[in-house]
Structure formats: structure tokens, C-alpha cells
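Hi,

Here is the structure I promised to pass on.

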Amino acid sequence: MTRPRVDVIGVACGQGARDHGCQDGPEVLRTFGFLRDLDEPHGVCVWRDIVHAAAEPDAHPLWQVAAIAQAVADRVAASLRRGHFPLVIGGDHSCAVGTWSGVRAALGARERLGLLWIDAHMDSHTFRTSPSRALHGMPLACLLGHGDPRLTRIGGPEPKLLPEDVCLIGVRSFEWGEAALLKKLGVRVYFMDEIRRRGLAAVCAEAWERVTRETAAAGVSLDLDALDPEEEPGVGSPVAGGLRRDELAAALRGLHGDPRLRALEVVEYNPYADRGFVTARAIHDLCRSALG
Ligand SMILES: [Mn+2]
């Protein structure tokens with residue numbers, strides 16, 4: 001089987017977070033060529049473009065995030081329809097609404113999408129439960145059909161994910177309201193204590209089996225704050241006690257070459273918090289692990 005061409009789609013969104021630093025993540029990674037060698041040896045990785053927010057800085061963040069998510073959804077769906085593999089590089093995690101709505105749109109109407117959500121947080125708030133009202137704390141709820149219609153209806157009115165087709169991995173910081181939503185829906189959450197007990201490899205293998213059991217395609221949404229900030233400082237919302245880069249790289253290598261893996265998203269790179277580009281290099285290593 002020939003490897004599909006990888007379309008790198010940068011998303012310069014920072015409006016979903018209080019600190020907008022992640023907005024400049026894709027531009028730094030592209031300018032300094034951190035993903036360049038994904039190109040080798042066959043030239044199958046192409047930076048398509050970087051999606052920017054509309055030039056209306058005073059617009060409400062919800063309006064800006066919805067506009068950018070729609071643009072991302074269109075590009076991701078077009079990439080899949082060309083038979084390519086979209087690699088979305090955020091930006092804050094609100095771009096996930098666009099990424100996975102786009103993947104869902106490229107599938108058949110009755111086909112289901114599976115997703116591993118690797119994150120220190122649950123990202124499953126709605127405006128009713130979120131203390132901060134920050135949109136990067138809401139994308140998973142939106143994809144499950146809960147949230148503001150301007151975000152839940154991108155790519156069609158139906159939920160983009162069924163609860164049984166999603167697993168969260170690496171969670172260690174959350175609020176009561178979002179945990180209650182996931183519990184009510186029956187979404188499987190692998191907290192850090194379970195990962196420490198069983199090992200990331202075993203947890204990832206089990207989670208991947210769950211999200212591919214009934215689905216036509218599956219993906220990985222990787223929030224870099226799942227990693228331990230002692231190793232990876234360049235993230236939007238660091239939380240102590242996370243995954244090690246090498247164990248996550250090994251787990252992603254387990255997915256490499258699996259035809260059910262159809263898209264990958266890596267988000268929340270904050271270049272202003274990075275030290276000596278260690279986290280930029282981690283992004284490269286992790287993409288390389290998953291994509292070969
Ligand atoms: Mn997140």
C-alpha cells in the first residue's frame with residue numbers, strides 16, 4: 001500500500017483561550033522547518049496553509065472560533081476527499097471542532113467516527129458549566145452535540161461523535177460540570193492514575209480497540225498538555241504529572257500504518273512558553289511516530 005500524502009493544515013487560533021500564545025504555534029513550526037523531514041524520503045508531506053482568524057480583533061471569540069472551525073472543517077474534508085491524510089497543527093484546542101467535523105463530513109452519512117482524545121483536561125464544558133467560558137475547554141462537548149449551535153452545527157446538525165466511540169487519555173485536571181457530562185454520556189476516561197497502574201501502551205491499545213470497533217474511520221486529537229510540563233514546557237495550560245514523550249511516541253508508533261487512522265491533530269503548542277524548542281521537537285517526534 002502506498003502511503004497517503006500528508007496535508008499539514010496549520011490553524012492560527014488562540015481566541016479559544018485566555019492567553020492567545022498558541023495562535024503563533026503553527027507559524028513558528030513552519031518557519032523553522034520542524035516538520036520538514038516528514039517530507040523524506042518520498043516527499044509525501046506538504047504544508048497546505050495556515051488558517052487564520054478573520055481580521056476583526058473585536059469580534060466575540062465565539063464568532064471567531066466558529067469561523068475558523070468552519071474553514072478548518074472545509075480543508076480537512078477536502079484533504080480526505082483527495083485521498084490524503086490531514087495533519088492539523090493548532091492553535092488552541094478549539095480548532096478540534098473544525099478538524100473532526102471535517103473528518104465526519106468526509107465519511108458516509110451512516111458511518112461513525114472514532115477518536116482518541118489525549119489531553120490533561122476533559123475539554124467537555126458548555127457555557128453553562130465553564131467557570132472561565134474559554135472555548136478551548138469545550139470542543140469535545142461540542143463534537144458530542146452539546147454546546148452552542150454555532151459550534152455543534154458545523155458540517156451538519158448531528159453530533160459528530162457518539163459517546164461510545166471516544167476515549168480520553170491522560171486526564172488529571174477537570175471541573176465537576178464537564179466530568180458529569182461525560183459520565184452521563186458514558187464516555188470512557190483513562191485518568192493518569194490508571195495509566196500509571198497499567199502502562200500507556202496497554203491503555204492506548206485498549207482505547208484504540210474501543211474507538212475502532214464500530215467506526216469507519218478514527219483519529220487522534222493530541223493536546224500537548226497531556227505531556228509532562230517538566231519535559232515539555234511549550235504548552236498553553238501546563239499540568240504537572242503527565243505523560244513522558246517517549247512513552248507517548250511508543251504508543252503512537254502502535255498506530256502507524258493502521259488504515260483506520262485517517263487524521264491526526266496536535267494542538268496547544270505555545271512557542272512563547274517553550275525553552276530551546278524542546279516542545280517543537282517533541283511535536284516532530286510524535287508526528288513522526290504516528291505517521292512513519
Ligand atoms: Mn485540550
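Let me begin with a helix pair: α9 (residues 245-253) packs with α10 (residues 278-291) at an angle of about 25 degrees, the axes being 7 Å apart. Axes here are lines fitted to C-alpha atoms, for helices over the stretch in contact, with angles running from 0 to 180 degrees between N-to-C directions. Helices (H or I, at least four residues) and strands (E, at least two) are DSSP runs, numbered from the N terminus. That angle makes α9 roughly parallel to α10 (under 35 degrees is roughly parallel, over 145 roughly antiparallel, 65 to 115 roughly perpendicular, and the rest oblique). Their crossing is right-handed, i.e. the near helix is turned clockwise from the far one by less than a right angle. From α9, the contact (heavy atoms within 4.5 Å) takes in R245, L248, A249, L252 and R253, and from α10 V278, R281, A282, D285, L286, S289 and A290. By class that gives seven nonpolar, one polar and four charged residues, where Ala, Val, Leu, Ile, Met, Phe, Trp, Tyr, Cys and Pro count as nonpolar, Asp, Glu, Lys and Arg as charged, and the others, Gly among them, as polar.

Before the rest, the ground rules: this is a predicted model, in which local features need pLDDT of at least 70 and side-chain atom pairs count only at pLDDT 80 or more, while totals for chains, interfaces and linings use all residues. Residues are numbered from 1 along each chain as its sequence is written, and side-chain values use heavy atoms, with hydrogens and water left out.

Next pair: the axes of α2 (residues 61-81) and α3 (residues 96-106) come within 7 Å and cross at roughly 40 degrees, which makes α2 oblique to α3. This crossing is right-handed too. On the α2 side the contact includes A69, V72 and A73, and on the α3 side V97, G98 and T99 are among the residues involved. Ten nonpolar, four polar and one charged residues make up the contact of α2 with α3.

On a 1 Å grid over the protein atoms alone, a cavity is a set of points where a 1.4 Å probe fits but cannot get out, and a pocket is an open set with protein on both sides within 12 Å along at least five of seven lines; lining residues have an atom within 4 Å of a point. Points are joined across faces, edges and corners, and a volume is the space filled by probe spheres set on them. The largest pocket comes to about 470 Å³. Its lining has 26 residues, with H121, S132, A134, H136 and S237 the closest to its centre. There is one cavity of 30 Å³ or more, lined by T126, F127, M138, C142, G147, D148 and L151.

Last, the backbone: the peptide bond from G90 to G91 is cis, with omega near 10 degrees.
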